[in-house]
Amino acid sequence: MWERFSFYGMQGILLIYLYYEASEGGLGVDRDAATSIVGAYGGLVYLSTILGAWLADRLFGPERVLFASAVLVMLGHIALAVVPGLTGVGIGLVCIAAGSGGVKANATSLVGSLYAEGDERRDSGFSLFYLGINLGAFAGPLLTGELQQDLGFHYGFGLAAVGMAIGLAQYARGRRNLGPSGSHVANPLPAAQRPMAAGIAVGAAVVVAVLALTGVLRAGILDNVVVTLTVAAAIAYFTVILRSPLLTGVERRRVVAFIPLFLASAAFWSLYQQQFTVVTIYSDQRLDRDLFGWTMPVSWVQSINPVFIILLSGVFAALWTRLGDRQPSTPTKFALGTAVMGVAFLLFLPMAGGGPNSAPLLGLAGILLVFTVAELLLSPVGLSVSTKLAPRRFTTQMVALFFLSVALGTSLSGTLAEYYSESAESRYFGILGVAAIVIGGLLMLLAPRVRRLMEGVR
C-alpha cells in the first residue's frame, strides 16, 4: 500500500512537472518528449522486474530483494524532492524504476507462495492484494497533488518519499511472519558464475551511462528504446525458459500457453497506462475541473480509478470465489479485459472535439469505471496465472514475464501518446479502441486451445 502511495503520488504529478513552464514550477520540456520520458520510465519499472526476479531466484530470495528494492525506491523519491532540474529527474526515476521492479516481481511471488497449488482462493487472494495496492494508489495522487498545487512540485515528491519510509518501517516489523518461503532461493547461481554475472552488470551500467552522457539516449526516443529492449528481453526469456532441461513436458506446455496471454496483456496495458500520458494531458487541457469555484488538481484524476478498484475488487473476489470452477477461464478473462479496454477508448468519442474545459468530469469518471472493470478482468488474474503456470524452477521469473508484458504496453503508451492531439481525438481514440476489441476477439477464439495447453490450470 505505501509503496503504491509513493509511486502513484509521484506519477500523478510527473508529466505536468516535465512539461509545465518554469513560471508554473515545471521544467518546460517539450510535451512529446515529456510523454516519451513518462512512457519509458513506466516501461523501465516493469522491465526491471527481470533483474529483481533474477536476483531473487538465483542469489538472495524474494524477501531480501523486496526489502532492498523498497529502500532504493525511497532514495529515488528523495532525489526528485531535493535535486533540482533534469538531474534530479534522471537520478530519481532510475532509482525508482529499478527499485519498483524488485518490489513488484517479488511481492507478487510472495503472495503466490501463500497458497497451495490448486487452491481456489488464489484469485481472491490476489484481488485483496490488489485492494491494498489501490488504497495507496488512491491516497497518493490526492495528497501529492494538493501539495504540488499549494507549495510546489518538490513538496509533492517529498511526501512520496515519506510514504515510502512509513511503508519500510511497517514492513521491517512484519517481514519475519512470511515464513521460510520468502528466503528460499529457487535456482541458486553457482559460485563460479557469479564474477561473470557481476561483470555483465557493471558493463551494462557503463554502456548506458556512456550513451546517456554522449546524447545518444535522447528524451524523445526513450520510449522506443524501452520498447525494443522489452521485446528483446521477452523473446530471450521465453527462449531460455522453454529450452531449459529442468522443465517437465507439462511445465513447457504451460509456458507456451502464456504467450498469447502475454500479447493480449501488452495490448491492454498500452491503452490502460495512457492514464499517465494521454489522460493526464486530457485532464489538464480538456477536462472541466471546476468544482463550485474550486479547481481540482490535475493529479486527482489519477485517484478515480483506485476508488473504483477499492469498491469493485471485493465484488470480483467474491464473484470468482462463488463461481469456483464455473468461473470463466483465464484466457476468457484476458479476452474480455482487452475488449472492454477498447470499449473504454470508444467512450471518449462523444466528448471529442469540444475544446478546452469542455469534457465533463462525470463523463471521464464513467470512462475510468470501464477502465477499472477491464483491469479487474485482466490484471489480478494475470498476476495469479503467472504463479499458476510458473515452472517450479522459474517461479519469480515467470511473474517477471507478466510484468514484461506490462513493460511493453507501458512504454508503448508513451509512443502512442505522441500521436494524440486535441484536433485528432476521434481518430486516435477510435482506432485504438477498435484495435483492442479485435485483439480481444481473436484471443476469445483461441481460448479453447490455450486452455488445453494450460494442462488443468484454469
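User: What counts as a salt bridge here, and how many does the structure hold?

Analyst: A salt bridge is a side-chain nitrogen of Lys or Arg within 4 Å of a carboxyl oxygen of Asp or Glu. The structure, which is a predicted model, holds 4 salt bridges.

User: What makes Glu 3 and Arg 4 a salt bridge?

Analyst: The closest N and O atoms of Glu 3 and Arg 4 are 2.7 Å apart. The cut-off is within 4 Å, so the pair is called a salt bridge.

User: Are Glu 3 and Arg 4 buried or exposed, and how do you know that?

Analyst: Buried means under 20% relative accessible area. Glu 3 has 11% relative accessibility and Arg 4 has 4%, so both count as buried.

User: Why is the pair of Arg 289 and Asp 284 called a salt bridge?

Analyst: Their closest N and O atoms are 4.0 Å apart, and the definition asks for within 4 Å. The pair therefore counts as a salt bridge. Arg 289 and Asp 284 are buried.

User: Which residue does Arg 286 bridge to, and what does the pair tie together?

Analyst: Arg 286 forms a salt bridge with Glu 425, with 2.7 Å between the closest N and O atoms. Arg 286 lies in the loop between α11 (278-285) and β1 (290-291), while Glu 425 is in helix α16 (residues 425-453), so the pair ties together parts that are 139 residues apart in sequence. Arg 286 and Glu 425 are both buried.

User: Why is α2 called roughly parallel to α3?

Analyst: The axes of helix α2 (residues 31-47) and helix α3 (residues 49-60) cross at roughly 15 degrees and come within 5 Å. Angles under 35 degrees count as roughly parallel, so α2 is roughly parallel to α3.

User: Which residues make that contact, and what is their class?

Analyst: On α2 they are Val 45, Tyr 46 and Leu 47, and on α3 they are Thr 49, Ile 50 and Leu 51. By class, the contact of α2 with α3 has 5 nonpolar residues, 1 polar residue and no charged residues.

User: How do you know that Thr 338 is buried, and where is it found?

Analyst: Thr 338 is found in helix α13 (residues 330-346). Its relative accessible area is 0%, and buried means under 20%, so Thr 338 is buried. Leaving aside neighbours within four places in sequence, Thr 338 is in contact with Ala 264, Phe 268, Leu 378, Ala 436, Ile 439 and Gly 440.

User: What makes α13 mostly covered, and what is its reach?

Analyst: Of the 17 residues of α13, 13 are buried, and the helix is mostly covered. From its first C-alpha to its last, α13 reaches 25 Å, close to the 24 Å expected at 1.5 Å a residue.

User: Why is Val 29 called buried, and what does it touch?

Analyst: Val 29 has a relative accessible area of 17%. The cut-off for buried is under 20%, so Val 29 is buried. Val 29 lies in the loop between α1 (2-19) and α2. Not counting residues up to four places away in sequence, Val 29 touches Leu 18, Tyr 19, Ala 34 and Leu 86. Val 29 and Tyr 17 are 12 residues apart in sequence and 8.8 Å apart in space, C-alpha to C-alpha.

User: How do you know that Arg 254 counts as buried?

Analyst: Arg 254, in helix α10 (residues 249-272), has 13% relative accessibility. Buried means under 20%, so Arg 254 counts as buried. Not counting residues up to four places away in sequence, Arg 254 touches several residues, among them Glu 117, Lys 388 and Leu 453.

Technical notes:
Residues numbered from 1 in each chain as written. Predicted model: local features only at pLDDT ≥ 70, side-chain atom pairs only at ≥ 80, totals over all residues. Heavy atoms only, no water. Helix = DSSP H or I, 4+ residues; strand = E, 2+ residues; numbered from the N terminus. Buried < 20%, exposed > 50% of the residue type's maximum accessible area, 1.4 Å probe, protein only. Contact = heavy atoms within 4.5 Å. Axes fitted to C-alpha atoms, helices over the stretch in contact; angles between N-to-C directions. Parallel < 35°, antiparallel > 145°, perpendicular 65-115°, else oblique. Nonpolar A, V, L, I, M, F, W, Y, C, P; charged D, E, K, R; others polar. Expected span 1.5 Å × (residues − 1).
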